[in-house]
Amino acid sequence: MTAKKWLYGTPLFTIATAALPAHAQVNGSEVEALRAEVAALKEQLTNISAKITAVEKKTTTEVKWKGGPESSGPDGWTFKPRGRIQYDAGYVSIPGDYAANRNLGFNSRVRRVRLGAEGTMPGGFGYKVEGDFANSNVGFGDVFLSYNPKNAPINVRIGNFETLNGLEQISSSNSNSFTERAAFNDAFLNSRRLGGAVAWRNEDNAIRAEVGFFAAHSIDSSFDNDGWIGAGRLVYAPKAFGGQLHFGATVQQRDFASNNNATASVSANAPSTNQLARYRARPNTQLTDVRFVDTGNFAAKSDRIVGLELAAIFPGFYFAGEGQWTKANAYRAGNIATGLDSFSSGNSAVTPAGDPGFFGMYAEAGYFLTGETRGYKDGAWSRTKVLKPIDKEGLGAFQIAGRFEYLDLDSNALKNGATNNFATGTSSLATLNTRLGRGGKQSSYLFGVNWYPIDYVRFMLNYGRVQVKGGPMAAIVDPLSTLPVDKRDYSVDVVAARMQLEF
């Protein structure tokens with residue numbers, strides 16, 4: 001008979017008294033003593049039973065399936081493998097007379113192949129590690145250790161992660177509506193870097209504030225150590241009007257790495273190459289390396305990025321928009337730089353006639369034809385839950401989305417800038433067409449259709465009409481035009497398809 005059956009199935013006092021000899025005389029005091037003894041024994045057995053139950057719970061490991069196995073153990077241990085595969089194919093048309101570049105037209109590539117793991121540890125610690133193996137290159141996604149004290153509204157991260165960029169940039173590529181993020185993220189080199197950040201949230205998680213300090217590069221083999229980035233992000237995300245609203249603001253102050261005696265930096269994801277800044281963007285796809293808008297290299301010490309975010313998510317429908325302004329702190333013609341401060345390429349570089357400023361934005365709206373609500377969590381886009389996946393006799397989720405993007409890399413300060421010899425301080429002007437071709441403007445009209453057969457698989461098809469005005473290719477695309485180079489415009493058609501699997 002088990003302890004529990006003994007305890008709960010048979011009255012202990014009855015058993016105890018039944019064991020007495022028939023002729024024994026039991027007085028009142030003895031009965032009370034027996035009762036007290038039985039009560040003490042009952043309490044001891046109850047405590048033993050509780051300890052057995054606690055031991056059983058501690059030694060139990062639970063495994064759940066969330067796109068992959070997620071195991072949880074005693075004291076807060078969890079472990080979940082994670083990964084994604086994104087394979088892209090598409091076409092970028094060749095504008096005008098720009099026929100010499102073989103990197104336009106049809107192309108396909110593996111955009112991302114990531115494998116990693118995430119989980120929690122006792123004491124409020126957590127971790128996330130992702131390696132990227134696409135296209136025979138090894139890189140890193142998020143790699144960090146986090147700390148979230150129990151019942152405390154703060155979270156600390158240390159490692160390799162986004163430098164508190166805007167809504168779309170900090171969201172996983174698995175959850176964005178188009179195959180590529182907005183062009184200004186490409187142009188302004190928003191990315192992951194090594195550093196640390198502290199986040200605070202209020203009780204209902206409607207207000208989130210985070211500040212961080214980072215090195216000016218991500219995980220790599222370099223020893224560059226004198227560039228840095230200070231960043232902050234504030235989000236207000238109340239529930240209202242039957243949906244979820246989002247308002248955000250970001251700021252980044254980026255101090256560029258030194259010239260290191262004209263030795264070009266090889267740091268990964270640095271916002272500049274030493275003291276040379278450059279802002280450029282692809283035509284809404286990474287199926288080509290051609291950039292129709294490009295400032296070219298110019299001498300600068302730092303830059304500052306300020307951004308605003310807006311979104312609203314309702315059942316079926318959502319819209320979102322962001323804008324970012326970048327201001328570079330540039331060198332001037334006549335400046336001297338020698339020794340360790342010398343620039344690469346003969347110690348000469350373009351010096352703007354003032355501090356150039358740039359701007360980028362997008363506005364997007366989308367609708368789920370099958371009734372889903374776009375996923376949102378903790379100030380970022382998240383996975384969309386499919387209402388009727390195909391494994392449950394449904395059709396999956398169908399989403400349509402439209403977007404307008406604008407990127408302005410035009411700057412009179414750059415067009416009027418001179419090429420400065422930093423050894424002597426003498427400067428000269430490049431040809432007029434060369435100077436007018438610095439920068440350019442890019443407007444994009446994008447349309448997307450996405451099919452989610454289940455929560456973890458997605459097929460995407462994007463079409464974009466990209467209009468370019470000015471930029472370094474304008475004179476080549478339209479060589480017979482009598483307009484100034486920065487006034488010549490042309491268009492490019494972009495089609496991109498993606499197959500995505502993630503867990």
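**Strands and aromatic rings in a predicted model**

Let me begin with tyrosine 147, which is partly exposed at a relative accessible area of 32%, where buried means under 20%, exposed over 50% and partly exposed in between, with a 1.4 Å probe and protein chains only. This is a predicted model, in which local features need pLDDT of at least 70 and side-chain atom pairs count only at pLDDT 80 or more, while totals for chains, interfaces and linings use all residues. Residues are numbered from 1 along each chain as its sequence is written, and side-chain values use heavy atoms, with hydrogens and water left out.

A pair of aromatic rings is described by the distance of the centres and the angle of the planes. Rings of Phe, Tyr and Trp (its six-membered ring) pair here if their centres lie within 6.5 Å, and planes under 30 degrees apart count as stacked, over 60 as edge-to-face and the rest as tilted. The structure holds 23 aromatic pairs. In one of them, phenylalanine 125 and tyrosine 147 have ring centres 4.9 Å apart and planes at 35 degrees, so this pair is tilted. It links distant parts of the chain, since phenylalanine 125 belongs to strand 5 (residues 125–132) and tyrosine 147 to strand 6 (residues 139–147), 22 residues apart; strands are DSSP runs of E with at least two residues, helices are runs of H or I with at least four, and both are numbered from the N terminus. Phenylalanine 125, at 35% relative accessibility, also counts as partly exposed.

How are the rings of tyrosine 331 and phenylalanine 343 placed? Their centres lie 5.3 Å apart with the planes at 80 degrees, so the pair is edge-to-face. Both residues lie in the loop between strand 17 and helix 6 (344–347), so the pair ties together parts 12 residues apart in sequence, and both are buried. The charged end of lysine 301 sits over the ring of tyrosine 331, 5.1 Å from its centre, the criterion being NZ of Lys or CZ of Arg within 6 Å of the ring centre and within 35 degrees of the ring normal. Arginine 157 likewise has its charged end over the ring of phenylalanine 144, at 5.7 Å from the centre.

Turning to the strands, which pair if DSSP finds at least two bridges between them, strand 16 (residues 298–313) runs antiparallel to strand 17 (residues 317–330), joined by 13 bridges, with arginine 304 opposite lysine 327. Their hairpin has three residues between the strands, and glycine 316 takes a positive phi near 90 degrees there. Strand 17 is also joined by 11 bridges to strand 19 (residues 357–368), again antiparallel.
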